[in-house]
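Please look over the model below with me. My notes follow as numbered points.

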Amino acid sequence: MPLVSGGFLFLAAFLASAVEMVEALTIVLAVGITRGWRSTLIGVGAAGVALAAVVAALGPALTLLPIDVLRLLVGALLLTFGLQWLRKAILRAGGYRPYRDEAAAFIRETDRAHAAGRPGRSGLDWYSFTIAFKGVLLEGLEVAFIVITFGSTQGRLGLAAAAAGSALLLVAAFGAFVRGPLARVPENAIKLAVGVMLTGFGIFWGAEGTGVTWPGDELALLAILAFVLASAVALGAMLRFTALRVVESGT
Amino acid sequence: MRAFARFWYDFVVGDDWRVAVGLAVALALSALLVELRIPAWWFLPLAVVLLLAVSVRRGARGER
């Protein structure tokens, strides 16, 4: 079973990182292509260092907590994150929220970068640096927390960080190859999958933190994940049905 | 300072504060069931899915 939970740990950190980095890539590409790469990449590097510092500082510190307190804390945090991801993904799948459009976001960011005035010939272009730094840091912060919580609870901080790092490298490589936003990535399906995993692990650890003993021990995790996935899919289907009825009745 | 607090509120609590409150209540009730020696493994999965359903329904009404 540790192999299975390790697999889910890797998958959750990888997918969460991939989907957030696709959004960060759109910002970085728009600024880099419009205003130049030097200051943009310095901003990306600075944000990467800041995120690594957060993981390196908080990860080991969390493992000092008593195991039940750690599980309760991590479970609660994963549940708040997971339900946010699921809520957004279900509302989008049900047609109640627009899907994120990376191509439109790229045009928007490019227009802003043009409007910010010409960068100086020497020194740091603060606009490029700040936008790239902020974009990567804000998109990466949630990933950093997922890495910390997953990694510290299972004692596999290195594996979680490696999963997130490999997704970052993969997205960066695709971005460098395409030189445009990755508009065809099925972001909502990935968000739904990450939401299911965060919520499933949150339920498992949160309940253990309150003193619950799961029937079947860690095997219960598979049943929980299946239950959360089935519930999320059913909720999405019910929303689509309701939306259809609203359209048909014209109200 | 207000922007900093706002950022962390949005980061942790998100669009629906009722979900965060509901989760806290659900975790407390789970601990209470354990304390009363009532098998409690079924409770949190049901409570979480119920919270999600209520939040999605509220979100759909708000977006319509």
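1. Is R112(A) buried, exposed or partly exposed, going by its C-beta neighbours inside 10 Å? R112(A) has 15 such neighbours, so it counts as partly exposed. The cut-offs are these: a residue is buried if 20 or more other C-beta atoms lie within 10 Å of its own, exposed if 12 or fewer, and partly exposed in between, with C-beta atoms placed from the backbone. R112(A) is found in helix α4 (residues 102-115) of chain A. Helices (H or I, at least four residues) and strands (E, at least two) are DSSP runs, numbered from the N terminus.

2. Ground rules. This is a predicted model; local features need pLDDT of at least 70, side-chain atom pairs count only at pLDDT 80 or more, and totals for chains, interfaces and linings use all residues. Residues are numbered from 1 along each chain as its sequence is written, and chains are lettered from A and ligands numbered from 1 in the order in which they are written.

3. Confidence. The model scores ipTM 0.92 and pTM 0.85. Chain B averages a pLDDT of 89 (the predictor's confidence in each residue, from 0 to 100). In chain B, 97% of the residues score at least 70. Confidence in chain B is lowest in helix α1 (residues 2-12), at a mean of 80. It is highest in α2(B), at 95.

4. The interface. How many residues of chain B are in contact with chain A? There are 27, and they touch 28 residues of chain A. Two residues are in contact if their C-beta atoms, placed from the backbone, lie within 7 Å. On the side of chain B that touches chain A, α2 (17-35) and α3 (43-63) each supply at least two residues. α3(B) gives the most, with 12 residues. By class, that side of chain B has 19 nonpolar, four polar and four charged residues. Here Ala, Val, Leu, Ile, Met, Phe, Trp, Tyr, Cys and Pro count as nonpolar, Asp, Glu, Lys and Arg as charged, and the others, Gly among them, as polar.

5. α2(A) against α5(A). Helix α2 (residues 38-62) and helix α5 (residues 126-154) of chain A pack at an angle of about 25°, with their axes 8 Å apart. That angle makes α2(A) roughly parallel to α5(A). Angles under 35 degrees count as roughly parallel, over 145 as roughly antiparallel, 65 to 115 as roughly perpendicular and the rest as oblique. Axes are lines fitted to C-alpha atoms, for helices over the stretch in contact, and angles run from 0 to 180 degrees between N-to-C directions. The crossing of α2(A) and α5(A) is right-handed. A crossing is left-handed if the near helix is turned anticlockwise from the far one by less than a right angle, and right-handed if clockwise. The contact of α2(A) with α5(A) has 18 nonpolar, 10 polar and no charged residues.

6. α3(A) against α5(A). The axes of helix α3 (residues 67-93) of chain A and α5(A) come within 10 Å and cross at roughly 145°. This crossing is left-handed. In α3(A), L70(A), R71(A), V74(A), L77(A), L78(A) and F81(A) take part. They meet E142(A), F145(A), I146(A), T149(A), S152(A) and T153(A) in α5(A). The contact of α3(A) with α5(A) holds seven nonpolar, three polar and two charged residues.

7. α5(A) against α6(A). α5(A) and helix α6 (residues 157-178) of chain A pack at about 150°, with their axes 7 Å apart. That makes the two helices roughly antiparallel. α5(A) passes α6(A) in a right-handed crossing. V143(A), V147(A), F150(A), G151(A) and S152(A) in α5(A) meet L157(A), L159(A), A160(A), A161(A) and A164(A) in α6(A). Their classes are eight nonpolar, two polar and no charged.

8. Two residues to check for backbone. D217(A) has phi near 55°, a positive value in a residue other than glycine. D217(A) sits in the loop between α7 (187-209) and α8 (220-249) of chain A. With 9 C-beta neighbours inside 10 Å, D217(A) counts as exposed. R37(B), in the loop between α2 and α3 of chain B, has a positive phi near 65°. R37(B) has 7 such neighbours and so counts as exposed.
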